[in-house]
Structure formats: C-alpha cells, structure tokens
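Colleague: I have a few questions on this one before I set anything up. Can you talk me through it?

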Amino acid sequence: MTFSADEDFARQLGAEDPLRHFREKFHLPLGADGGPLIYFAGNSLGLMPKAARTVVERELDVWAKRAVDAHHAADTPWYSYHETLREPTARLVGAQPNEVICMNSLTVNLHLMMATFYRPTKSRFKVLMEEPAFPSDTYAIKSQIVHHGFDPKDALVLAGPRKGELTIRQEDIESALEKYGQQIAIVMIGGINFFTGQLFDIERITSLSQKRGCVVGFDLAHAIGNVPLALHHWNVDFAAWCSYKYLNAGPGAVAGAFVHERHATNQKLPRFAGWFGNDPNTRFRLHLEPEFIPVPSADGWQISNPPIFSMAPLRASLAIFDEAGGMEPLRAKSIKLTGYLQFLLESNHGDKRFTVITPGEMDARGCQLSILVHEHPKELFRKLQAAGVKCDFREPNVVRVAPTPLYNTFREVWRFAKIVAEHH
Ligand SMILES: *Cc1c(COP(=O)(O)O)cnc(C)c1O
C-alpha cells in the first residue's frame, strides 16, 4: 500500500472506507471546541456503543416489572443471559462455543485459570512471562507462586528486550523455553504487550511450549477485538481477556476466558467451584446436591450467577463486531489505519525526534503505536490534549495511540500526525 501525506489523500481513504458508517454507532466525547475528540484511547477504554443504553435500560425495565420471575420468564432470561454472549465471543477469539465463558473481570479470571493450570511440582514450578508485563498480571502470577509455597525469585522466568532494544525477540522467548523448559509449569504471556503494542506469535509460542511439556495461556486484554485470533486451532490451553478496551463494553465490563475443549470437557480438572459452574440439571436442587458436577465446557469455570447490568453492554458491543463482518474486515482497515499513521510519522520526522517502538511489521502489532518522544515528551502530550486528542502517556516519555477501525477515521490520523509534526 502506498500512502501520500497530503490531506486530500486522507479524505480519499475515508471515502473508500467500507466501515466508515460504524463510527455513528458510538458516542464520541466532545472537546472544548464542541467537536468530537480524536479518541485514540480505545486500548484503555473503548467508546460507548449507542445501543448500550437501550440494552441496559431494557434489563432495568425487566427488573422493575418482573423481578424474580425475570430469571426464567423474560425475553432473554437472566438465568442463561451469559449464553447470549457465547457464540459472538467464540467468533472473536477463534474458539468453539463450548470453549468460552464470559464472567468476572480479567485478573480474577487469570487467577481462576491458574487455579486449574498452575499445578507446580518440585521439579516443574517455574512460570515464563514477558517483561514488562502489565502490573496486575505480575502481581497475580507472583501471588500464585507464593500461594503454592515457592519463591518468585526462583520461579519467575522473564523474557524481556535485550539491552538497548525495546521489544522482545521471538528467539529470546524460545531460548528461555530451551533453557528452562523442563522446569516451566506454565507459560503466561500477553498476546499483545500493553506498553509496546508488540503482537507475539501465539501459535508458535504455544507449540514450542507444549513440546516441552508446559501449559500455555495468554492474556488477550490488548488482542481481543484488535487482531484475528484462532485459539482453538492454535491449540492454546487457556486464555483470559477484559471487554472494556477494544470490545467497547464499558468500565469494568464482564471479562472472558477460553479453555481449550480438551480441558473444558475434562470434569476431573481441579478448579474453584460455585453453583453456576455446576451441571444445570442439578443446580437448583441446592441443599439436596452437595456434590459439585462441573458443566463439561468452559461454563464449568463460572462460579456465580451472571451480573446482568455489566453483561448487557457487552451484548450490544459484540453485535457491532458481527455486523461489521467480524475481525477480517476490521483488521484490513486497522492495518491501513495504523500503517498510514506510521507512514505520516516517519515522513514527518526524518529528524529522529521520535521513535516508534512498536514493531513495524503488520504481523507483529495490532492497531496501537507506542511513540517514544526524545524531546519534551510531556509538552507534546499536553499539546495533544489541548488540541483535542485523547491518548495515553507512560512515564517517562512514551505516548500510546490506538486508532481503532470501528470508530476512528483516516482524517483523524492525519490531523494527529500534523500536531506531532508541528511539535518542537
Ligand atoms: C487492562 C489489563 C488488565 C486489567 O485487569 P482488570 O482485572 O480488568 O482490572 C490486566 N492485564 C492486562 C495485560 C491488561 O492490559
């Protein structure tokens, strides 16, 4: 794809964009001038789908009118509300419907997955992670290690960037696997790194880890709704994600988990149990059935009854993904949008005031670019804010921007690059 830096070209890309009308399905926050902000923070909190209000209000209404009867007698009974999310979620992560469950929040799901899949022994107790991982993941994993009576100093193996580099080489993950593989119980990596935007080769990491006898799981917080995934086909053991970033399901929205069919159907796997993970045929026999019989699917990891009001917006948001035709057309636009952004930044900055630390290759990134600003980074960030750009600043000098294909435009990318170009 060849790009051009003039503004007409941005307009032309916009006019040719088959997904351009999806922007109208979202509420765009307004800036001081009354116009919509350039919202490049979808990697942090996605925009609100207009339909979210309707679906939440519908459930409030049902609560008011039917109360306890709504568990079974509503149009979408609360009792099985989570089932409405199953198929659209499975499509997004490339799973079979029996391999996914929407529940809890992300870090909680990581713990639930670790409860099943991190079963350390004296000889195999290590955990391989990427560095830097999102802090919540590091806290979760370290506490799991301690919970099992091991010391993170011995048990945690980190694959990080080499000195002077900012992203992680695939070969360095592989050499960590080679060196410690026999002692690694579990490999837990973020599918896309939150800081650099680097997308890892999930399929290859999975097969190499499993060859060494390790269980392998991914945190897909920055990958779901951003890049196509094929978790079943890649044979990933488990995964977890949140729904408020690229999935646009609202603050603290119900998260999700994937358990590969070969584990999901194994009722003998240890886990933390609760009534909603139990076989629905005996669930309501309550005190009559003290034995837990897990559902032979990812539902067997569900613990509590579904939180309807934080699930409803997710329904609205997943419907938008389906309407857009799924991840393939979204990814096609995303590659263009982010490629265009990179082109503009690089054509502007032959003077090396900036370094895009996100990998340049399409198959090693999603929509996010992390821009390391060498001169006056905070001033640039303030300028961006004043000009109506919503993006994110990581101390000491990295600006993260995530143009998303559902609601961002090529003109916004052009305008953003112009502000950056004028920075001194
Ligand atoms: C956003 C994010 C989280 C947030 O965790 P919550 O449990 O949803 O608060 C955790 N891990 C990663 C990698 C993230 O990107």
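Predicted model: local features only at pLDDT ≥ 70, side-chain atom pairs only at ≥ 80, totals over all residues.

Colleague: What kind of peptide bond runs from E395 to P396?
Modeller: The bond from E395 to P396 is cis, with omega near 0 degrees. P396 is in the loop between β12 and β13.

Colleague: And E131 to P132, what joins those?
Modeller: A cis peptide bond joins E131 and P132 too, with omega about 0 degrees. P132 is found in the loop between β3 and α6, where α6 covers 135–147.

Colleague: Switching to the ligand. Which residues surround the ligand?
Modeller: The ligand is surrounded by L106, T107, F134, D137, D219, A221, H222, Y244 and K245. By residue type, the shell divides into four nonpolar, two polar and three charged.

Colleague: How far is the side chain of K245 from an oxygen atom of the ligand?
Modeller: An N or O atom in the K245 side chain is 2.5 Å from an oxygen atom of the ligand. For H222, a polar side-chain atom lies 3.0 Å from a ligand oxygen atom. On the D219 side chain, an N or O atom is 3.2 Å from a nitrogen atom of the ligand.

Colleague: How much of the ligand's accessible area does the protein cover?
Modeller: The protein covers 84% of it, taken against the 390 Å² of accessible area that the ligand has on its own.

Colleague: Now the seven-strand sheet. What order do its strands have?
Modeller: β2-β8-β7-β6-β5-β3-β4, in an open sheet with mixed pairing. The edge strands, each pairing on one side only, are β2 (100–102) and β4 (156–159). Here the twist averages 15 degrees from one strand to the next.

Colleague: How many bridges join β2 to β8?
Modeller: Three bridges join β2 to β8, residues 256–259, and the two run antiparallel. C102 has G256 in β8 as its bridge partner.

Colleague: Which strands does helix α8 lie across?
Modeller: Helix α8, residues 170–180, lies across β3 (126–130), β4 and β5 (184–190). Relative to β5, α8 runs at about 170 degrees.

Colleague: Last one, backbone again. What is phi of N104?
Modeller: Phi of N104 is near 55 degrees, a positive value in a residue other than glycine. N104 is in the loop between β2 and α5, with α5 spanning 106–117.

How values were computed
Residues numbered from 1 in each chain as written. Heavy atoms only, no water. Near = heavy atom within 4 Å. Polar contact = N/O pair within 3.5 Å; in protein donor to acceptor, adjacent residues only side chain to side chain. Areas by Shrake-Rupley, 256 points an atom, 1.4 Å probe, with all protein chains shown as cover. Nonpolar A, V, L, I, M, F, W, Y, C, P; charged D, E, K, R; others polar. Pairing = 2+ DSSP bridges. Helix = DSSP H or I, 4+ residues; strand = E, 2+ residues; numbered from the N terminus. Axes fitted to C-alpha atoms, helices over the stretch in contact; angles between N-to-C directions. Contact = heavy atoms within 4.5 Å.
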